[in-house]
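User: Could you walk me through this model? I'd like to begin with the overall fold and then look at some details.

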Amino acid sequence: MTTPSPARMPALYLSHGAPPLADDPVWPGELAAWSAGLPRPRAILMVSAHWEEAPLALGAVEPVPLVYDFWGFPEHYYRVRYDAPGAPELAESVRKLLRAPGTPVQDIPDRGLDHGAYVPLVEMYPDADVPVLQVSMPTLDPQALMDIGRRLAPLRDEGVLIVGSGFFTHNLAALRHAGGVPGWSAEFDAWGREALAAADVDALLDFEHRSPAGRLAHPRTEHFAPLFVTLGAAEAAGDLTAHRDVIDGFWMGLAKRSLQFG
């Protein structure tokens with residue numbers, strides 16, 4: 001008797017929020033409903049805005065403590081746990097797909113999931129029963145990140161959910177001087193929605209110059225960068241036009257647009 005092949009998993013880009021996302025009256029339910037409508041993944045591969053490491057690094061493949069990479073929050077946010085199983089088999093597959101002459105892959109076995117990974121996963125897979133592997137972003141160059149996504153794309157046919165975790169707009173300093181949704185956040189969000197609907201990858205790759213308020217929406221680009229890993233994984237499977245905006249709107253002035261390809 002043969003085991004049926006898993007269905008091709010979608011590729012996601014999500015806005016991950018901060019630890020207080022758990023207390024929002026709407027957003028946790030949106031994330032839970034999203035995951036409930038997905039095929040069950042065999043494993044999850046997370047690329048978070050909060051881990052830049054070169055050469056590309058694989059995090060822990062056995063359960064280790066979370067990385068509480070935030071400051072000044074109430075104590076209970078530092079007690080959150082997410083004891084998902086490690087994913088050593090996925091790690092080996094990632095090594096094979098990414099390691100090549102001149103492009104080493106390193107292991108950092110004590111590096112746990114950061115809040116860009118575990119905050120949304122707590123809402124999407126609260127039982128923490130799906131193996132999770134986090135990998136670093138070795139660069140913020142959009143083209144290079146798309147190439148990483150293309151090379152990881154075969155994992156989708158093995159039941160792996162590839163998730164780029166960032167924030168569709170992210171300028172905390174500017175928010176200190178704004179009330180409601182600032183114009184730069186709304187303008188960039190609208191531009192990004194249209195570029196994605198048109199599958200205009202060239203515009204997205206050059207978002208710092210071709211979008212309105214791009215440098216205000218992302219003064220440093222690490223929160224938009226995970227999108228390009230997702231785009232690469234989608235492009236390799238011919239899914240760029242098969243995308244939908246699953247979550248939109250704003251949270252504390254930032255666009256929480258989150259996308260599914262395939």
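**Overall fold and details**

Analyst: This is a predicted model, and its chain holds ten helices and ten strands. The radius of gyration is 17 Å, close to the 18 Å that the globule rule gives for 262 residues, so the chain is as compact as a globular protein of that length.

User: What does the C-alpha trace span along its principal axes?

Analyst: Along those axes the C-alpha trace of the chain spans about 60 × 45 × 35 Å.

User: And how much of the chain counts as buried?

Analyst: Of the 262 residues, 54% count as buried, while the chain exposes about 11,200 Å², of which carbon and sulfur atoms supply 54%. As for contacts with a separation of 6 or more, residues 24 or more positions apart account for 80% of them.

User: Switching to strands, where does E2 sit, and why is it described as largely enclosed?

Analyst: Strand E2 covers residues 43-52, and eight of its ten residues are buried, so E2 is largely enclosed by the rest of the structure.

User: Which strands does E2 pair with?

Analyst: E2 pairs with E6 in the parallel sense over six bridges, with isoleucine 44 standing opposite leucine 161 in E6. Five bridges also join E2 to strand E5 (residues 132-137), and these two run parallel; here glutamate 52 stands opposite methionine 137 in E5.

User: Now the aromatics: how many pairs are there?

Analyst: The count comes to 18 aromatic pairs. One of them is formed by phenylalanine 70 and tyrosine 78, which are tilted, at 4.8 Å centre to centre and with 35° between the planes.

User: Are those two buried or partly exposed?

Analyst: Phenylalanine 70 counts as buried because its relative accessibility is 5%, under the 20% cut-off, whereas tyrosine 78, with a relative accessible area of 22%, is partly exposed. Another pair, phenylalanine 167 and tryptophan 251, is stacked, with 6.4 Å centre to centre and 15° between the planes.

User: Where in the chain do phenylalanine 167 and tryptophan 251 lie?

Analyst: They link distant parts of the chain, 84 residues apart: phenylalanine 167 lies in the loop between strand E6 (160-166) and helix H5 (172-175), and tryptophan 251 lies in strand E8 (residues 250-251). Phenylalanine 167 is buried, with a relative accessible area of 3%, and tryptophan 251 is buried too, with a value of 11%.

User: Which residues form the aromatic cluster?

Analyst: Tyr13, Phe168, Phe188, Trp191, Phe207, Phe224 and Phe228 form one aromatic cluster.

How values were computed
Residues are numbered from 1 along each chain as its sequence is written. This is a predicted model: local features need pLDDT of at least 70, side-chain atom pairs count only at pLDDT 80 or more; totals for chains, interfaces and linings use all residues. Side-chain values use heavy atoms; hydrogens and water are left out. Rings of Phe, Tyr and Trp (its six-membered ring) pair if their centres lie within 6.5 Å; planes under 30 degrees apart count as stacked, over 60 as edge-to-face and the rest as tilted. Buried means under 20% relative accessible area, exposed over 50%, partly exposed in between (1.4 Å probe, protein chains only). Helices (H or I, at least four residues) and strands (E, at least two) are DSSP runs, numbered from the N terminus. Two strands pair if DSSP finds at least two bridges between them. The radius of gyration is taken over C-alpha atoms; the globule rule is 2.2 Å times the number of residues to the power 0.38. Contact means heavy atoms within 4.5 Å. Accessible areas come from the Shrake-Rupley method with a 1.4 Å probe; for residues, only the protein chains shown count as cover.
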